[in-house]
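Keep the sequence and the structure in view while reading.

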Amino acid sequence: MTTAIQTAAIQMEDVVVRYGEVLALDGVSLSVQPGRVTGLIGMNGSGKSTLFKTIMGMVRPDRGRVLIDGADPAVARRQGLVGYVPQSEDVDWAFPVSVRDVVMMGRYGRQGPTRRAHPADHAAVAEALDRVELTAYADRQIGQLSGGQRKRAFVARGIAQDARVLLLDEPFAGVDKRSEATIVRLLKELAADGRTILVSTHDLHALPRLADEAVLLLHRILFHGGVSEALRPENLARAFGLDGVDVLDHGDSA
Amino acid sequence: MSPLDLLLEPLQYDFMVRALTTTVIAAVVCALLSCWLVLVGWSLMGDAVSHAVLPGVVIAYVLGAPFALGALVFGFLAVALIGAIRGTSRVKEDAAIGIVFTTLFALGLVLISVTPSQTDLNHIIFGNILGVSTADLVQIAVLATIAFAVLVLKRRDLTLYAFDPMHAHAIGLSPRFLGALLLGLLALTAVVALQVVGVILVVAMLIIPGATAYLLTDRFGHMLVIAPVMSAVCSVVGIYLSYWLDAASGGLVVVVQGAAFSLVYVFAPRHGLLGKHLTARRRTVTA
């Protein structure tokens, strides 16, 4: 049956994920529209990482299903639709790769079996580096960048990949205010291109400037809608427990 | 005796030529693989797999099958057992590795003791570089070529796997397959190096060159050149030393590699002990 409704970029229907006894996701239904920045808010252990892993297909749901651009996640991955910006602590920053090497990894899915770079790949990498303003740093080892530059390098990888859906895991941890503003601007531009940006964070301060809509998660979707409404004390209290209001007031939620 | 004579004299003997050739081949392949092992954090796994292949090699010998096949089967078996023990009991990974590889290695020792063969236990454990036959050399060359070719052709995928397996998955590659590939290459390479330095010292050839190169450069591509060259040079020096000093060749190959690592550890420009100290001082001066 065809519908006039625009296909959701990420569609989750009644997704349940269990790790042994622990219920990480308990019937999550979520529809994320393209061309918008969506903030995924929840405290540590609320299931944010599991949600990302489920979208990427690293975790198979015990129940329910996930669709990326209306397609099976495996198909979406092969088409390079899904880009991922890892959390800082998940990256080995001493790894001997340059910024350019990292961005080039975004092209691997479009290359032959030995991943030999063609002129089109070099052009895409140069363009992505330019877009995130890291051209001057292209030949530095990845760990020699500042916190904000590191994030932008991984965003550039997603751009070089031409990912339509970009997942960012805690992108503002260890990033100073100025770099944060640069990243926010960059993500809004990427959304304006028609990409889908899903940002997981427990830092609520950047949210009003960053996101078009917010999702509150605590194993289930507690709220999905406008940012200002999401940040109302009664909603935060549900997502973060009684301390939710403090999270916003004092700011040092990291 | 002139220096040239010192270099040329050993080459009059065929067994020395074969020893040098075999050692260089093994050194290059091991060194190449070691670049990934040190970055993925698989050094202990290299130790485990290189020991655990022993029963596989003995059984292959008895059945007349290729050594590499037996080694591959037992290499994977070891990793599966380690994973199973860690996943289904409260025993942690390092203990699981210790249990599995020592047990399989011991099984290999028992099998050797009941197998009527000319294979000397000492040769397997400490290597028998001076007794390498032409047939051995051919087998080693074939296995090494396979491992070398796969490593070079799939180097970018393996590096991606080492750096960011999540991204590999996200773009439709299989981290599981790449991990298994690296493991298979590890088992294959362990067989190659076994004959040169023996089971016990294989792990040195699988770790030291990569770790040394890692201290010298911030480019993975450069590591892939530095490690094999350094390892090959050290091996040749080790073999010559063993000839002149009439001492254990496998042992000397590893001692020379260890000495090279020590030098780099202290004197490497940026990541060496002195280099880091100087950079820190320069920073305090400018600050």
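In this predicted model, strand β3(A) is covered on both faces: V37(A), G39(A) and I41(A) are buried on one side, and T38(A) and L40(A) are buried on the other. The strand spans residues 37-41 of chain A, and five of its five residues are buried.

The next topic is the domains. Chain A is divided into domain 1 (1-81 + 165-249) and domain 2 (88-163). Taken over C-alpha atoms, the centres of these two domains of chain A are separated by 24 Å. In the contact between them, 14 residues of domain 1 of chain A meet 14 residues of domain 2 of chain A. On the domain 1 side, β6 (165-169) and α6 (177-192) of chain A are the elements that give two or more residues. The largest share of that side, five residues, comes from α6(A). By type, the domain 1 side has eight nonpolar, four polar and two charged residues.

The chains also touch. Their contact takes 21 residues from chain A and 19 residues from chain B. On the chain B side, α9 (155-163), α10 (165-170) and α12 (220-245) of chain B each supply at least two residues. The chain B side divides into 10 nonpolar, four polar and five charged residues.

Notes
Residues are numbered from 1 along each chain as its sequence is written. Chains are lettered from A and ligands numbered from 1 in the order in which they are written. This is a predicted model: local features need pLDDT of at least 70, side-chain atom pairs count only at pLDDT 80 or more; totals for chains, interfaces and linings use all residues. Two residues are in contact if their C-beta atoms, placed from the backbone, lie within 7 Å. Helices (H or I, at least four residues) and strands (E, at least two) are DSSP runs, numbered from the N terminus. Ala, Val, Leu, Ile, Met, Phe, Trp, Tyr, Cys and Pro count as nonpolar, Asp, Glu, Lys and Arg as charged, and the others, Gly among them, as polar. Domain bounds come from an automatic or database domain assignment. A residue is buried if 20 or more other C-beta atoms lie within 10 Å of its own, exposed if 12 or fewer, and partly exposed in between; C-beta atoms are placed from the backbone.
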